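Hi everyone, thanks for coming.

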Amino acid sequence: MTLLQTVVLTLVAILGVSVVACRDPLRQTVVNGMYGLALVILFTVLQAPDVAISVAVVSTVAYSVLLLATIQRTRRRAGRGGERE
């Protein structure tokens with residue numbers, strides 16, 4: 001295992017624990033996006049570009065956008081007293 005692989009694996013481990021440790025959903029979404037980006041870097045270093053592209057689309061972009069939209073809608077609904085639309 002090369003030094004670069006060791007550094008990237010350590011970064012992925014630290015960010016994975018950070019995602020779980022975050023209490024605020026908005027902050028957790030941002031950290032999860034960084035975790036997805038670290039996975040993209042890891043798969044690129046491990047010479048798996050097809051997996052890296054899949055993780056980039058799903059984890060870094062689609063999941064983060066979907067989760068942020070859900071948080072915004074939930075907070076807006078909670079601000080109105082939880083009434084239904």
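Here's a question to start: leaving aside its neighbours within four places in sequence, which residues is Ala52 in contact with? The answer is Val40, Phe43 and Thr44, where contact means heavy atoms within 4.5 Å.

A quick word on the background. This is a predicted model, where local features need pLDDT of at least 70 and side-chain atom pairs count only at pLDDT 80 or more, while totals for chains, interfaces and linings use all residues. Residues are numbered from 1 along each chain as its sequence is written, and side-chain values use heavy atoms, with hydrogens and water left out.

Now, the helices. By helix I mean a DSSP run of H or I with at least four residues, numbered from the N terminus. Helix α1 covers residues 3-21 and helix α2 covers residues 25-45; they pack at an angle of about 160°, and their axes are 9 Å apart. Axes here are lines fitted to C-alpha atoms over the stretch in contact, and angles run from 0 to 180 degrees between N-to-C directions. So α1 and α2 are roughly antiparallel, the word we use for angles over 145 degrees.

Who meets whom there? Among the α1 residues in this contact are Leu4, Val8 and Val12, and the α2 side includes Val31, Ala38 and Leu42. Sorted by class, the α1 and α2 contact has 15 nonpolar, 5 polar and no charged residues. In that sorting, Ala, Val, Leu, Ile, Met, Phe, Trp, Tyr, Cys and Pro are nonpolar, Asp, Glu, Lys and Arg are charged, and the others, Gly among them, are polar.

Next comes helix α3, residues 49-79, whose axis comes within 8 Å of the α2 axis, crossing at roughly 175°. That makes α2 and α3 roughly antiparallel too.

Let's return to Val40, which lies in α2. Val40 is buried, with a relative accessible area of 14%; buried means under 20%, using a 1.4 Å probe and protein chains only. Beyond its neighbours within four places in sequence, Val40 is in contact with Ala52, Val55, Ala56 and Thr60.

Val40, Ala52 and Val55 also belong to the largest nonpolar core, which has 12 residues in all. Such a core is a set of buried Ala, Val, Leu, Ile, Met, Phe, Trp, Tyr and Cys residues joined through side-chain atoms within 4.5 Å. Each of α1, α2 and α3 supplies at least two residues of this core, and α2 gives the most, with 5 residues.

Methods
Angles under 35 degrees count as roughly parallel, over 145 as roughly antiparallel, 65 to 115 as roughly perpendicular and the rest as oblique. Buried means under 20% relative accessible area, exposed over 50%, partly exposed in between (1.4 Å probe, protein chains only).
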